[in-house]
Amino acid sequence: MPSLAMIVATAGLAVPALAGGLALFTRQVERKVEAALPPEGIFIDVAGARLHVREQGEGPALLMIHGLGGHMAHFTYEVARQLSHHHRVITVDRPGSGYSRRRPGTAAGLREQAAALAELIDRMELEYPLVVGHSFGGAVALALALDYPERVAGLSLLAPLTHLPDDTPPAFRVLAMRSPLLRRLAAWTVATPGAIARGGAVLEQLFGPDPVPHDFSTRGGGLLGLRPGQFLAAAEDMQALAGQLPAYSSRYGELRMPVAVLFGRDDRILPWREHGEALACKVPHAVLEVVEGGHMLPIAQPDLTVQFIRAAAAR
């Protein structure tokens, strides 16, 4: 019979071997995903970040900001194409997300991301764009409008995060670990296989009650979420919220530009009353529209989303 010492020694060897195997698997998945879904835009350097940006169409500018753990494909899936018939549509991977990179030492806060996007507006000469923000991107859009009102013509917010939630939505609880060391360890070991294993359940939470499109993993860029860098960026974004979002939410009454808000009545990630109605109460001129549907309106209901954005642009 093996002794207790032998069992402990064997276990001690097995753990690093398992971690090494998971890291190798994660790296292989990352390479395959990036080969299948390469960058489709250009790269622009701004303070604190190297941004992956795509431009489509001509006309009045629209700057589109995606949500937590997402990327520009949430808009290029369909919405950006339709809007590009009459607008200059700029989709961007937020710092750290998609193919954009946060520079070492740069914070992940709303303030820092808003500053990067304000510089992008200047660099691309967007001339007072309508800013479209989905989910977490709505919080970034609000920060951009509050800190740089002279650069923003108006806001069109799709299921936006506007106030600090009391609880983390189940789909994002895996990102809640506070230790940077543990986050990095998880990103390179268990996060990718875990995302593969529970991907169906997470997507049901994100999209429900709307169905998940069969091509979301490719056309919608869903596979990009399997990369460790995407996990780390999303975790950093979420961890930074508590330090800045309450201060921004106390300033919503300062907004003077047009603000339009679209929410799905059955949103399983951000309840419309806590984020849409609460924002509208602080911004009396805001227009709030509640429709049947869930959280991922830009992908699940692109025609409705396009109609809403065009109406906001017309204002």
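**Notes on the predicted model**

1. With a relative accessibility of 69% for Glu 127 and 52% for Ala 36, both residues count as exposed.

2. Now the overall picture. The protein chain folds into 11 helices and nine strands. Its radius of gyration is 20 Å, close to the 20 Å that the globule rule gives for 315 residues, so the chain is as compact as a globular protein of that length. The C-alpha trace spans about 80 × 40 × 40 Å along its principal axes.

3. On burial and surface: of the 315 residues in the protein chain, 51% are buried. The accessible surface comes to about 13900 Å², and carbon and sulfur atoms account for 59% of that area. Looking at contacts between residues at least 6 apart in sequence, 81% join residues at least 24 apart.

4. The protein chain carries 29 positive and 30 negative side chains. The centres of these two sets lie 5 Å apart.

5. Strand E3 deserves a careful look. How many of the residues in E3 (61-65) are buried? Five of its five residues are, so to speak, under cover. Side chains in a regular strand alternate between the two faces of the sheet. In E3, one side holds Ala 61, Leu 63 and Ile 65, the other holds Leu 62 and Met 64, and all of these are buried, which leaves both faces covered.

6. E3 has strand partners to go with that cover. With strand E4 (residues 88-92) it pairs in the parallel sense over five bridges, and Leu 62 has Val 89 as its bridge partner there. E3 also runs parallel to strand E6 (residues 130-134), joined to it by four bridges. In E6, Val 131 is the bridge partner of Leu 63.

7. The antiparallel pairings centre on strand E2 (residues 49-56). Strand E1 (residues 42-46) pairs with E2 over five bridges in the antiparallel sense, and Asp 45 has Arg 50 of E2 as its bridge partner. The hairpin of E1 and E2 has two residues between the strands, and Gly 48 takes a positive phi near 85° in it.

8. The bridge partner of Arg 50 in E5 is Arg 101. E2 also pairs with E4 in the antiparallel sense, over four bridges, and Glu 55 stands opposite Ile 90 in E4.

9. Some backbone angles are worth checking by eye. Most residues other than glycine have a negative phi, and most peptide bonds are trans. Glu 127, which is not a glycine, has a positive phi near 55°. Glu 127 is placed in the loop between helix H4 (110-123) and E6.

10. Ser 135 is a second case of this kind: its phi is positive, about 60°, although it is not a glycine. Ser 135 lies in the loop between E6 and helix H5 (136-147). Is Ser 135 buried or exposed? It is buried, with a relative accessible area of 8%, whereas Glu 127 counts as exposed.

11. There is also a cis peptide bond, which joins Gly 208 and Pro 209 with omega about 5°. Pro 209 is placed in the loop between helix H7 (191-207) and helix H8 (228-249).

12. Finally, Val 283, in the loop between helix H9 (272-282) and strand E9 (287-291). Val 283 counts as buried at 1% relative accessibility. Which residues does Val 283 touch, leaving aside those up to four places away in sequence? They are Tyr 252, Leu 255 and Val 259. The C-alpha atoms of Val 283 and Leu 255 are separated by 6.9 Å, although the two residues are 28 apart along the chain.

Terms used
Residues numbered from 1 in each chain as written. Predicted model: local features only at pLDDT ≥ 70, side-chain atom pairs only at ≥ 80, totals over all residues. Heavy atoms only, no water. Rg over C-alpha atoms; globule rule 2.2 N^0.38 Å. Buried < 20%, exposed > 50% of the residue type's maximum accessible area, 1.4 Å probe, protein only. Contact = heavy atoms within 4.5 Å. Areas by Shrake-Rupley, 256 points an atom, 1.4 Å probe, with all protein chains shown as cover. Lys, Arg positive; Asp, Glu negative; His and termini not counted. Charge placed at Lys NZ, Arg CZ, Asp CG, Glu CD. Pairing = 2+ DSSP bridges.
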